[in-house]
Amino acid sequence: MAARLDRIDLKILRLLQNNGRLSNAELAVSVAISPATCHRRTQRLFEDGFIPAVRAMVAPKKVAKGTLVMVGVVLDRSTPESFATFEQAIAKLKFVLDCHLVAGDFDYFLKIRVGDMEDFNRIHGEQLIALPGVRQTRTFFVMKEVVDNAPLEF
C-alpha cells in the first residue's frame, strides 16, 4: 500500500473518510494541491479500489431500524459447498448489514438492523433459520453501540 500511495493520497483518504461531502475545492485546499490535481488523484483512488464506494450514513432510529442484533450462525457441515450455498442465500437478505465467516464457536457472524424484537422474531422464524445448512443460531441484542463504523486508522 505505502509504495502506491504517497502522503497526499493518504491525507485525501483520511479527509474523505471523515467527511465524504468535502468538495474537490475544499479537499484541494486541505491537502495544498490544485483542484485539477486533486480531482485526478481522487479519481485514481476510486479507479484503483482504495475508495470502493461513497454513501450516506443514515441514522437507524430515524428510519425505524433502531434495534441492532448480532447473530452467530453454525452450519450443519463445514464444506466449501455448504459455505458457498449459505453465502449466496444470505447475500439476498436485505436486512443483513454484514456477514462474516469467522473462526471459533460460529461459522458466520451477522449484523442485522430491525425495528424491534418482534420484527427480529419474525425475520428469525421465517428467514434466518430457513437458510440452507443452518444448524443453530445464537442471537445477541445490542444494548448500546459504543463504537460503530469507525474510520480506519492508517
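Guide: Helices (H or I, at least four residues) and strands (E, at least two) are DSSP runs, numbered from the N terminus. The model is predicted.

Visitor: In which strand is the place of Tyr-108, and is Tyr-108 buried or exposed?
Guide: Tyr-108 lies in strand β3. Buried means under 20% relative accessible area. Tyr-108 has a relative accessible area of 1%, so this residue is buried.

Visitor: Which residues does Tyr-108 touch, not counting residues up to four places away in sequence?
Guide: Contact means heavy atoms within 4.5 Å. Among the residues that Tyr-108 touches are Val-71, Val-73 and Leu-75. Others include Phe-83, Phe-86, Glu-87, Cys-99 and His-100. The list also has Gly-72, Leu-101 and Val-102.

Visitor: How many Å apart in space are Tyr-108 and Thr-137, C-alpha to C-alpha?
Guide: In sequence, Tyr-108 and Thr-137 are 29 residues apart. In space, their C-alpha to C-alpha separation is 9.5 Å.

Visitor: Which residues have the most contacts inside the largest nonpolar core?
Guide: In soluble globular proteins, nonpolar side chains tend to be buried together. Here the largest nonpolar core has 20 residues. Two or more residues each come from β1 (67-75), α4 (80-90), β3 (108-114) and α5 (117-128). The residues with the most contacts inside this core are Ile-112 and Leu-128.

Visitor: Which residues is Ile-112 in contact with, leaving aside its neighbours within four places in sequence?
Guide: Ile-112 meets Thr-67, Leu-68, Val-69 and Val-71. Ile-112 is also in contact with Phe-95, Val-96, Phe-120 and Leu-128.

Visitor: At roughly what angle do the axes of α1 and α2 cross?
Guide: Helix α1 spans residues 7-18 and helix α2 residues 24-31. Their axes come within 10 Å. The two helices are oblique to each other, in a right-handed crossing. The crossing angle is roughly 130°.

Visitor: Which residues of α1 and α2 make the contact?
Guide: The residues of this contact divide into six nonpolar, one polar and one charged. From α1 come Ile-8, Lys-11, Ile-12, Leu-15 and Leu-16. From α2 come Leu-27, Ser-30 and Val-31.

Visitor: Is Asp-9 buried or exposed?
Guide: Asp-9 sits in helix α1. Leaving aside neighbours within four places in sequence, its contacts are Arg-4, Arg-41, Arg-44 and Leu-45. The cut-off for buried is under 20% relative accessible area. Asp-9 has 1% relative accessibility, so Asp-9 counts as buried.

Visitor: What is the relative accessible area of Arg-44?
Guide: Arg-44 belongs to helix α3 (residues 35-47). Not counting residues up to four places away in sequence, Arg-44 touches Arg-4, Leu-5 and Asp-9. Arg-44 is partly exposed, with a relative accessible area of 27%.

Visitor: What is phi of Ala-64 near?
Guide: Ala-64 is in the loop between α3 and β1. At 52% relative accessibility, Ala-64 counts as exposed. Phi is positive here, in a residue other than glycine, and near 60°.

Visitor: What is the phi of Asn-149?
Guide: Asn-149 is found in the segment after β4 (134-141). With 56% relative accessibility, Asn-149 counts as exposed. Asn-149 is not a glycine, yet its phi is positive, at about 55°.

Definitions and conventions: Residues numbered from 1 in each chain as written. Predicted model: local features only at pLDDT ≥ 70, side-chain atom pairs only at ≥ 80, totals over all residues. Heavy atoms only, no water. Axes fitted to C-alpha atoms, helices over the stretch in contact; angles between N-to-C directions. Parallel < 35°, antiparallel > 145°, perpendicular 65-115°, else oblique. Left-handed = near helix turned anticlockwise from the far one by under 90°. Nonpolar A, V, L, I, M, F, W, Y, C, P; charged D, E, K, R; others polar. Core = buried A, V, L, I, M, F, W, Y, C linked by side-chain atoms within 4.5 Å. Buried < 20%, exposed > 50% of the residue type's maximum accessible area, 1.4 Å probe, protein only.
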